[in-house]
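Me: I've got a protein chain to look at and I'd like to talk it through. Can you take my questions one at a time?

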Amino acid sequence: MELNTTIDGANATIAVIGKLTVATVPNLETALAELPDEAVNVTLDLSELDYIASAGLRVVVSNDKALRSRGGVLRLIHPNDEVMDVLDATGLVGILTVEP
């Protein structure tokens, strides 16, 4: 998995490329933890994410909660059909901010 991060003040975007598995989740956790405190609006660009495991969903949900508690938001943008199916099946589409 590859991560590309851009930061602009309170806004950060992390492009997640490849597969988000148990083995690669720590990389995303580190990238999210290393964002500056003022970056409370975080976008995960999933346009090149091929697969997301339950461990990846856990990281997404926990960071969504953390950002909301700080007045921010976590947005998931451009998930492919397979990733969207997982988000739908787990009921996270109704909880998270997901933009096609």
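This is a predicted model: local features need pLDDT of at least 70, side-chain atom pairs count only at pLDDT 80 or more; totals for chains, interfaces and linings use all residues.

Me: In what order do the elements of the chain run from the N terminus on?

Reply: Read from the N terminus, the chain has its elements in the order β-β-α-β-β-α-β-α-β.  The radius of gyration, taken over C-alpha atoms, is compared with a globule rule of 2.2 Å times the number of residues to the power 0.38. The chain comes out at 12 Å, close to the 13 Å that the rule gives for 100 residues, so it is as compact as a globular protein of that length. The order you asked for, again, is β-β-α-β-β-α-β-α-β.

Me: What share of the 100 residues in the chain is buried?

Reply: Buried means under 20% relative accessible area, exposed over 50%, and partly exposed in between (1.4 Å probe, protein chains only). By that cut-off, the buried share of the 100 residues is 41%.

Me: Which residues of helix 1 are buried?

Reply: Helix 1 covers residues 25-33, and its buried residues are Val-25, Leu-28, Ala-31 and Leu-32. They cover an arc of only 125° around the axis (going by the directions from the helix axis to the C-beta atoms), which puts them on the same side of helix 1. An α-helix has 3.6 residues a turn, so residues three or four places apart point the same way. The buried ones, then, are Val-25, Leu-28, Ala-31 and Leu-32.

Me: What do the buried residues of helix 1 pack against?

Reply: Contact here means heavy atoms within 4.5 Å. The buried residues of helix 1 have as packing partners strand 1 (2-8), strand 2 (11-20), strand 3 (41-45) and helix 2 (54-69).

Me: Is Asn-63 buried or exposed?

Reply: Asn-63 sits in helix 2. Leaving aside neighbours within four places in sequence, Asn-63 is in contact with Leu-32 and Leu-74. With a relative accessible area of 19%, Asn-63 is buried.

Me: How many salt bridges are there?

Reply: Side chains of opposite charge can pair when their charged atoms come close. A salt bridge is a side-chain nitrogen of Lys or Arg within 4 Å of a carboxyl oxygen of Asp or Glu. By this rule, the count is three.

Me: Which residue forms a salt bridge with Arg-58?

Reply: The closest N and O atoms of Arg-58 and its partner, Glu-29, are 3.3 Å apart. Arg-58 lies in helix 2 and Glu-29 in helix 1, so the pair ties together parts that are 29 residues apart in sequence. Arg-58 is partly exposed at 47% relative accessible area, and the partner is Glu-29.

Me: How far apart are the closest N and O atoms of Arg-75 and Glu-99?

Reply: Arg-75 forms a salt bridge with Glu-99. Arg-75 lies in strand 5 and Glu-99 in strand 6 (residues 97-99), so this pair ties together parts that are 24 residues apart in sequence. The closest N and O atoms are apart by 2.7 Å.

Notes:
Residues are numbered from 1 along each chain as its sequence is written. Side-chain values use heavy atoms; hydrogens and water are left out. Helices (H or I, at least four residues) and strands (E, at least two) are DSSP runs, numbered from the N terminus.
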